[in-house]
Amino acid sequence: MPSYLITGSSRGLGLGFVTELLKDPGNIVIATARDPTKSAGLQELKKKHGYAQLHLVSLDVTKSDSVHDAAEATQKLLPDGLDYIISNAGVNYSPLKSPRCIPQAIQRAGVGEDLYSKIRWFVGGNLHA
Ligand SMILES: NC(=O)c1ccc[n+]([C@@H]2O[C@H](COP(=O)([O-])OP(=O)(O)OC[C@H]3O[C@@H](n4cnc5c(N)ncnc54)[C@H](OP(=O)(O)O)[C@@H]3O)[C@@H](O)[C@H]2O)c1
């Protein structure tokens, strides 16, 4: 059974990853959040999927004690090892209104034209895929 640990899963994309991964009953999911008890989304998933498939673990990625504790908790849950980590936790303090804003954001950040054109094609290609 493949196992996944997702950071920052209290809401947004992280909660989305957890929700999608739980659709396969063969997956074991460790959903981490600074305080999983405060996430309505995680609590709802816990009610639906129970303890065998979904585990909620506290993890603040900026605090080494918390990282250490979460690693220990994960080791206890999965003594044979974890297969995948989705490192999602983070905050974007200036979210873009739409993908069309990406060129201006990159130019504001002072990225050179050569790199910009590569990112434009790479990101654009994925957005349209
Ligand atoms: N949404 C986008 O369009 C987009 C685009 C590019 C990149 N991203 C990146 O994708 C990731 C998720 O984006 P999102 O839109 O889903 O963000 P979001 O809705 O703001 O959710 C951020 C998640 O990160 C958690 N988090 C914040 N600081 C943390 C910490 N110190 N330790 C552990 N967890 C922490 C939050 O948990 P709490 O509930 O504890 O605050 C929350 O679960 C972020 O890294 C973001 O920068 C998003």
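Me: A residue is buried if 20 or more other C-beta atoms lie within 10 Å of its own, exposed if 12 or fewer, and partly exposed in between; C-beta atoms are placed from the backbone. Is L15 buried or exposed?

Reply: This is a predicted model: local features need pLDDT of at least 70, side-chain atom pairs count only at pLDDT 80 or more, and totals for chains, interfaces and linings use all residues. Residues are numbered from 1 along each chain as its sequence is written. L15 has 22 other C-beta atoms within 10 Å, so L15 is buried.

Me: Which element holds L15?

Reply: Helices (H or I, at least four residues) and strands (E, at least two) are DSSP runs, numbered from the N terminus. Residues 12-21 make up helix 1. L15 belongs to helix 1.

Me: Which residues does L15 touch, not counting residues up to four places away in sequence?

Reply: Contact means C-beta atoms, placed from the backbone, within 7 Å. L15 and L42 are 27 residues apart in sequence, yet 7.2 Å apart in space, C-alpha to C-alpha. Leaving out residues up to four places away in sequence, L15 touches S9, S10, G41 and L42.

Me: Why do the buried residues of helix 1 lie on the same side?

Reply: The buried residues of helix 1 are G14, L15, V18 and L21. The arc is that of the directions from the helix axis to the C-beta atoms. These residues share a side of helix 1 because their arc is only 130 degrees.

Me: How many bridges join strand 2 to strand 3?

Reply: Strand 2 covers residues 28-33 and runs parallel to strand 3. V29 stands opposite L54 in strand 3. The bridges between these strands number 5.

Me: How many other C-beta atoms lie within 10 Å of T32?

Reply: T32 sits in strand 2. T32 touches L5, I6, T7, S9, V57, L59 and A70, not counting residues up to four places away in sequence. T32 is buried because its count of other C-beta atoms within 10 Å is 30.

Me: Which residues come nearest to the ligand?

Reply: A residue is near a molecule if its C-beta atom, placed from the backbone, lies within 6 Å of it. There are 19 residues around the ligand. Helix 1 gives the most to this shell, with 3 residues. The nearest are G8, G12, L13, A89 and G90.

Terms used. Two strands pair if DSSP finds at least two bridges between them. Two residues are in contact if their C-beta atoms, placed from the backbone, lie within 7 Å.
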